[in-house]
Amino acid sequence: MAEGQFDGLIQVYTGDGKGKTTAALGQAIRAYGQGLKVIFIQFLKSQSGGEHIFADKFKLFEIIRFGKGDLFQKSEQELLQETREAYEFAKKAMVSGKYDLVVLDEIFIAHWRGFLSLQQIIDLMQMKPGNVELIMTGRKAPQEVVKRADLVTEMLVIKHPFAEGVQQRRGIEY
Ligand code: ATP
Ligand code: MG
């Protein structure tokens, strides 16, 4: 995509309902289809899902996970370290000039768990080059982020089969 062709905005997908990560993936596919360069970065994401198999197989855009392995087995120090790595990587990718769409999946969970400060997220938002679209996802987006974003969607749970005891289904939840 030629520079200046596109005013990059900041989108936030939050809320307790299902659909935040999958909405970001859908947006990434749409962007890729239109020739935009996409990078999808995941904070504290241990579970491997169909999207990772898809990305490895077709290599259309990268999905970079920080947080491989069982998150419950890790110390707070390890999680903090992984979040720091994800944050530094995200910052570099965003300002590199290599990407038109940068997705920071579950960044709000990293904040909520105490591994990333509100100021660090605001710094990222302020650092965003004008031609980059930034999408951030995760439950519990901070109010200050909501205030500063251009587009905010809250997924609201009306029903979720987990409440009825349905287990995670391969290809749907992961
Ligand atoms: P998805 O990845 O399916 O788009 P999400 O990103 O909105 O979901 P997360 O908050 O990241 O959801 O939760 C991660 C996992 O929990 C996913 O497997 C997701 O399907 C599942 N999930 C999402 N919302 C709910 C809910 N309200 N109750 C139970 N499980 C949920
Ligand atoms: Mg998610």
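This is a predicted model: local features need pLDDT of at least 70, side-chain atom pairs count only at pLDDT 80 or more; totals for chains, interfaces and linings use all residues.
Residues are numbered from 1 along each chain as its sequence is written, chains are lettered from A and ligands numbered from 1 in written order, and side-chain values use heavy atoms, with hydrogens and water left out.

**The ligand site**

Let's start with ligand 1. There are 13 residues around it, and K18, G19, K20, T22 and R139 come nearest (a residue is near if one of its heavy atoms lies within 4 Å). That shell divides into 2 nonpolar, 5 polar and 6 charged residues; here Ala, Val, Leu, Ile, Met, Phe, Trp, Tyr, Cys and Pro count as nonpolar, Asp, Glu, Lys and Arg as charged, and the others, Gly among them, as polar.

| Residue | Protein atom | Distance to an oxygen atom of ligand 1 |
|---|---|---|
| G17 | polar backbone atom | 3.3 Å |
| K18 | polar side-chain atom | 2.5 Å |
| K20 | polar side-chain atom | 2.7 Å |

Taken alone, ligand 1 exposes 570 Å², and the protein buries 83% of that (Shrake-Rupley areas with a 1.4 Å probe). The space that ligand 1 takes is the largest pocket. A pocket is an open set of points on a 1 Å grid over the protein atoms alone, with protein on both sides within 12 Å along at least five of seven lines; lining residues have an atom within 4 Å of a point. A molecule sits in one if more than half of its atoms lie within 2 Å of its grid points.

**Two positive phi angles**

L44 isn't a glycine, yet its phi is positive, at about 45 degrees. You'll find L44 in the loop between β2 (38-42) and α2 (50-58); helices (H or I, at least four residues) and strands (E, at least two) are DSSP runs, numbered from the N terminus. L44 counts as buried, at 10% relative accessibility (buried is under 20%, exposed over 50%, partly exposed in between, with a 1.4 Å probe and protein chains only).

E106 is another non-glycine with a positive phi, near 65 degrees. Its place is the loop between β4 (101-105) and α4 (107-112), and E106 counts as buried at 15% relative accessibility.

**Out at D7**

D7 is in the segment before β1 (10-14). With a relative accessible area of 67%, D7 is exposed. Its C-alpha atom is separated by 21 Å from that of I41, 34 residues apart along the chain.

Methods: A polar contact is a pair of N or O atoms within 3.5 Å; within protein, one must be able to donate a hydrogen and the other to accept it, and residues adjacent in sequence count only if both atoms are side-chain atoms. On a 1 Å grid over the protein atoms alone, a cavity is a set of points where a 1.4 Å probe fits but cannot get out, and a pocket is an open set with protein on both sides within 12 Å along at least five of seven lines; lining residues have an atom within 4 Å of a point.
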